[in-house]
Amino acid sequence: PYCGGSGVVDSKEIVAVKIIKEAKRKIESNKGEIVLISAHCDVVPLLEEMLKGPDALLDNVNHSFYLRTNNTHVEKYEVEILCKKDKANLENTLKIS
């Protein structure tokens, strides 16, 4: 089970916050201009809100953000840092900034 036997599964809001934290960490430690986030379809709209507007959580970074939905469990996600030359890998994504 996804809960690891604890009986607890993170909410989509908690998962979105974890993704933002991982994105911040990866941005600091990787070279690249593009952040590609793959997440559950219920998490992607929350991420879109968190990454847009005047209260954007990562508005001080100089990266382009792309979101892609996956059909896995709500706690499963992937954060990748890509170079501009990897833009071909961005089909079926939503560009945020």
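## How helix 1 meets helix 2

Helix 1 passes helix 2 in a right-handed crossing, where right-handed means that the near helix is turned clockwise from the far one by less than a right angle, and left-handed means anticlockwise. Helices here are DSSP runs of H or I with at least four residues, strands are runs of E with at least two, and both are numbered from the N terminus. This is a predicted model, in which local features need pLDDT of at least 70, side-chain atom pairs count only at pLDDT 80 or more, and totals for chains, interfaces and linings use all residues. Residues are numbered from 1 along each chain as its sequence is written, and side-chain values use heavy atoms, with hydrogens and water left out.

Two packed helices are described by the angle between their axes and the distance between the axes. In this model, the axes of helix 1 and helix 2 cross at roughly 50 degrees and come within 9 Å; they are lines fitted to C-alpha atoms over the stretch in contact, with angles from 0 to 180 degrees between N-to-C directions. That makes helix 1 oblique to helix 2, since oblique covers what is left after under 35 degrees (roughly parallel), over 145 (roughly antiparallel) and 65 to 115 (roughly perpendicular).

On the helix 1 side, the contact (heavy atoms within 4.5 Å) is made by Lys-12, Glu-13, Ala-16, Val-17, Ile-19 and Ile-20. Helix 2 brings Leu-46, Leu-47, Met-50 and Leu-51 to it. By class, that gives 8 nonpolar, no polar and 2 charged residues; Ala, Val, Leu, Ile, Met, Phe, Trp, Tyr, Cys and Pro count as nonpolar, Asp, Glu, Lys and Arg as charged, and the others, Gly among them, as polar.

## The buried face of helix 2

Helix 2 spans residues 44-51, and its Val-44, Leu-46, Leu-47, Met-50 and Leu-51 are buried. Buried means under 20% relative accessible area, exposed over 50%, and partly exposed in between, with a 1.4 Å probe and protein chains only. Seen down the axis, these residues of helix 2 fall within an arc of 155 degrees, so they line one face of the helix. They pack against helix 1 (12-29), strand 1 (34-40) and strand 2 (64-70).

## Two residues to look up

Glu-22 sits in helix 1 and is buried, at 17% relative accessible area. Leaving aside residues up to four places away in sequence, Glu-22 touches Tyr-77 and Val-79.

Lys-52 lies in the loop between helix 2 and strand 2. Its relative accessibility is 41%, so Lys-52 counts as partly exposed.

Conventions:
The arc is that of the directions from the helix axis to the C-beta atoms.
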